[in-house]
Amino acid sequence: MTTTPYDVSGRHVAVVGGGRSGLAASRLVVQRGGQVTLIDTKADLAERDELLALGVRLHLGAMPDDVPREAALVIVSPGVPADAQPLQAARARGITVIGELEFASSFLAGPVVAITGSKGKSTTTTLVGRMLEAAGRPVLVGGNIGVPLSAQVEAATPDTWHIVETSSFQLETIARYHPHVAVWLNFSPDHLDRHGTEAVYEQAKARVFENQTPSDWAVVPAHDARIRGFAAARGAQIVTFGADLAVEDGVGLAGDVIARRQTPGRIEPLVPVSAVRLTGRHMLGNVMAACAVADLAGVSSEAMTRAVEGFTGLEHALEYVATVGRTRLYNDSKATNVEAATMAVEAFDGPVTAIVGGVYKGGDFARLGPPLQARGGSVIAMGEAAPLVAEALAAFVPVARAASLEDAVAEGLAQRREGGVVLLAPACASFDMFRDYADRGRAFKAIVARLAAAAGQAEVRNG
């Protein structure tokens, strides 16, 4: 859906936040003839010389009380809270404040697919992109995953499909963002350290449907009436996905095949379940959602199947790392909320020792108790949230404490000498001990690699 681009030619723009999105937005503003002041609390940026060469002014080291008086527009990076002081001051003076995703999307002519949810966004976004590529479609994958949308504008054409992982932080600052297909995978409490309440977080997620019309599509879970209600309120056509085909228009299971049912009497096979290489039933749900999007885009079942067969998952998303002795170790560092960690535990049938902890973001750790208990599991608590983890789970399973991730892995292997799974599923953010979830996941894999080598088992996935 074509929108009117934000006109920045000859105008001054304040970009707040110097991460990947802010840097990409700054470059795009300059490409479109604007001037930029980039604001960030970091004392310096690795890209300083490049930015200065582009004519970007830098305000580094502290967040100012206001943006420059000459700014006609403010673009905020998703990592900056929407109520940050300079943003409040800009709004009070009548200056438009938008997010990087909003700004970039205004320059796109091709269809946009927005994928949000509390868990599974990256996997589903990547898989949709692979399905469209397998069908020979021009496609760019990015947003909250990989490349910021602003960095893709120059490569976009009217035929390009943009598959955009879309976070609640990004949706907070949209105005006209208009996906032709909007996918809301699931909902559970998350990012309450940022949003404050579950209701505020939910309303941010619901904005993915905000600008849709009856010519657009909403892809929603079949058995979540609340998410479906948010989609229906905006008038988009609805396709559901879920475990069965009880719905009139949806993607689900028909025996051993993922299929779409468009009328009570018509079922179209899409992908055999045997083609799915991912661990966990929740991953099957992500595949169904991806199939629903690809089907709307006119991708053949053959192309979908090829994409699924060649996809073994993402790094840090229930990623198999190694077997040490008789113990399998999995890295799900992207499981940064309780629901995601619960799904990871439920992906296994045998005994699971879960490494849980980090920076608490909200949610009830006790939800992990029943599935761990049912699997004869245990927990190793670490990081800032360790006392909360121990308090919530001690009534269900044995809980040990670890001072570091290395200690946690060693303790997990000691507990699982007779076989089973040691699972990094933190249910928390990583910032107490690591730069981000990827840094945490790679540290876990490096630790496993050392322990496996010491045990004479050198074959470890550490990509």
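The paragraphs below go through the chain as a whole, then a pocket and one of its residues, then a cavity.

This is a predicted model, in which local features need pLDDT of at least 70 and side-chain atom pairs count only at pLDDT 80 or more, while totals for chains, interfaces and linings use all residues. Residues are numbered from 1 along each chain as its sequence is written, and side-chain values use heavy atoms, with hydrogens and water left out.

The chain holds 16 helices and 20 strands; these are DSSP runs numbered from the N terminus, helices being H or I of at least four residues and strands E of at least two. Its C-alpha trace spans about 70 × 60 × 40 Å along the principal axes. The radius of gyration is 23 Å, which agrees with the value near 23 Å for a compact globule of 463 residues; the radius is taken over C-alpha atoms, and the globule rule is 2.2 Å times the number of residues to the power 0.38. Of the 463 residues, 57% are buried, meaning under 20% relative accessible area with a 1.4 Å probe and protein chains only. Among contacts (heavy atoms within 4.5 Å) with a separation of 6 or more, 63% join residues 24 or more positions apart.

Rolling a probe the size of a water molecule over the atoms shows where empty space is left. On a 1 Å grid over the protein atoms alone, a cavity is a set of points where a 1.4 Å probe fits but cannot get out, whereas a pocket is an open set with protein on both sides within 12 Å along at least five of seven lines; lining residues have an atom within 4 Å of a point. Grid points are joined across faces, edges and corners, and a volume is the space filled by probe spheres set on the points.

The second largest pocket has a volume of about 470 Å³. Its lining has 21 residues, and L185, F241, H282, G285 and M343 are the closest to its centre. Two elements, α10 (281–296) and α12 (338–346), each give two or more residues to this lining, with the largest share, six residues, coming from α10.

H282 lies in helix α10. H282 is buried, because its relative accessible area is 14%. Leaving aside residues up to four places away in sequence, H282 touches K119, L318, M343, A344 and A347.

The model has one cavity of 30 Å³ or more. The largest cavity has a volume of about 80 Å³, and 12 residues line it, with T3, S105, R176, Y177 and H178 the closest to its centre.

Notes. Buried means under 20% relative accessible area, exposed over 50%, partly exposed in between (1.4 Å probe, protein chains only).
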